[in-house]
Amino acid sequence: MKKTKRFKLGKLMRNIGLGVLALIVLGIAFHHILNAYEQVKFPPIGQMIEVDGGKMHVFEKGTGDNTIVLLSGLGTSAPALDFEPLINELSKENKVVVVEGFGYGWSDSTNKERTVKRIVEELRTALKKSGIVGPYVLMPHSMSGIYSLYYANQYPNEVKAIVGNDLTLPQAVAYFEEEVPDTPPYLSYLAPAGIARIMTVMAPKDFLPKAPEGVYSKKTLAAIKSFAARKTYNVNVVDEANHIKQNIAATEALRHPENMPMLIFMKKDDRVREDGKSIASFYQTQLTAHPASKLIALEGHHYLHWTLSKEMSGQIKDFLASIAAH
């Protein structure tokens, strides 16, 4: 009798296991079917440019004397959509460009390591092949501050100015005596396994811009959610995260050229450490000697452009006018 009960229990557990496995397989299959459908539903809004064996998405809008290149932070699934409010404001008087790196937005994935040198060369190649000529006003958000710093040092004649959007700079690690955390490689399985899609369904607001209603259209928000389901923590993003230490080591000795105009927007943070250091004091050490260079603190999210694009655009207009005056 006991053997019969054990046999029945074992059979039940096996059937449950097979059922769970079947659900996982069906879930992954459904996820990939949705991926194919969404790729058709949300076609590229810019041009696809051949770069080093893959295609990168380059979006541009507007005309003007200045070409502003918006660079996204680590893990922003769809930069050309996330920057929409800022693009709409800046493009009224400037040419605005977003180059989506490999693993982001409509761009392909790549098997090339995400070193600062390679990322910058891919960016530069995409701009050149798109016929978008410099000198550029580079506007990096967050982690891409490291890439714009490298670009400005390698190709100073191609950079007219730097506008930091709460940017990350390599010197911050030593300044604040911090450690850079590693990113677990298993996170790169979240998107292909459909787990990222489940996350976007369970907590959609966590994957959408925190902006007032009407700032982004419903279609744009739907597309951003789609990219979050397909691109969150993909293999290129995880590799980029795990190259942070290496990329900081490659750039920590660099400084922006002293004659290069630099405007830094920072998320307002009044906290001051016991040693007197603060986010503002760090950024002050990074400003160049150009007369137009300045730091502006704004009340907002780390993604300042979600809610402050109009104010930022006005400040950028004054900054560019100041450069012209000098």
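β1 and β2 form a hairpin with two residues between them. Asp-52, in the turn, has a positive phi of about 50°. Strands here are DSSP runs of E with at least two residues, and helices are runs of H or I with at least four, both numbered from the N terminus. The structure is a predicted model, in which local features need pLDDT of at least 70, side-chain atom pairs count only at pLDDT 80 or more, and totals for chains, interfaces and linings use all residues. Residues are numbered from 1 along each chain as its sequence is written, and side-chain values use heavy atoms, with hydrogens and water left out.

The pairing of β1 with β2 (residues 54-61) is antiparallel and runs over five bridges. Two strands are taken to pair if DSSP finds at least two bridges between them. Ile-49 has Met-56 of β2 as its bridge partner. Glu-50 stands opposite Lys-55 in β2. Strands of a sheet pair through backbone hydrogen bonds, either parallel or antiparallel.

Axes are lines fitted to C-alpha atoms, for helices over the stretch in contact, and angles run from 0 to 180 degrees between N-to-C directions.

The chain's secondary structure comes to twelve helices and eight strands. Of its 326 residues, 49% are buried. Buried means under 20% relative accessible area, exposed over 50%, and partly exposed in between (1.4 Å probe, protein chains only). Contacts are heavy atoms within 4.5 Å. Among contacts between residues at least 6 apart in sequence, 79% join residues at least 24 apart.

Confidence was examined next. pLDDT is the predictor's confidence in each residue, from 0 to 100. Its mean over the chain is 89, and 87% of the residues reach 70 or more. Over residues 17-27 the pLDDT is below 50. Beyond near neighbours in sequence, this stretch has zero contacts in the model.

α5 is mostly covered, with nine of its eleven residues buried. Among the buried residues are Ser-144, Gly-145 and Ala-152. α5 also packs with helix α10 (residues 244-251), at an angle of about 30° and with the axes 10 Å apart. Ile-146, Tyr-147, Leu-149 and Tyr-150 of α5 make the contact with Asn-247, Ile-248 and Thr-251 of α10.

The largest nonpolar core has 43 residues. Such a core is a set of buried Ala, Val, Leu, Ile, Met, Phe, Trp, Tyr and Cys residues joined through side-chain atoms within 4.5 Å. Val-69, Val-99, Leu-127 and Tyr-151 have the most contacts inside it. Helix α4 (residues 116-129) gives the most to this core, with six residues. A second, separate core of 37 residues includes Phe-59, Leu-70, Ala-80 and Leu-86. In soluble globular proteins, nonpolar side chains tend to be buried together. Tyr-151, a buried residue of α5, touches residues including Val-120, Leu-123, Leu-127, Tyr-136 and Pro-156, with those up to four places away in sequence not counted.

Helix α12 (residues 305-325) holds Lys-310 and Ile-323. Lys-310 is exposed, with a relative accessible area of 65%. Lys-310 and Leu-90 are 220 residues apart in sequence and 8.5 Å apart in space, C-alpha to C-alpha. Ile-323, at 13% relative accessibility, is buried. Leaving aside neighbours within four places in sequence, Ile-323 is in contact with Ala-161, Pro-261 and Ala-292.

The peptide bond from Gly-134 to Pro-135 is cis, with omega near 5°. Pro-135 lies in the loop between α4 and β5. Glu-177, in the loop between α6 (171-175) and α7 (195-202), has a positive phi near 55°. Glu-177 is exposed, at 68% relative accessibility. Tyr-233 has a positive phi near 50° and lies in the loop between α8 (218-231) and α9 (235-242). At 37% relative accessibility, Tyr-233 is partly exposed.
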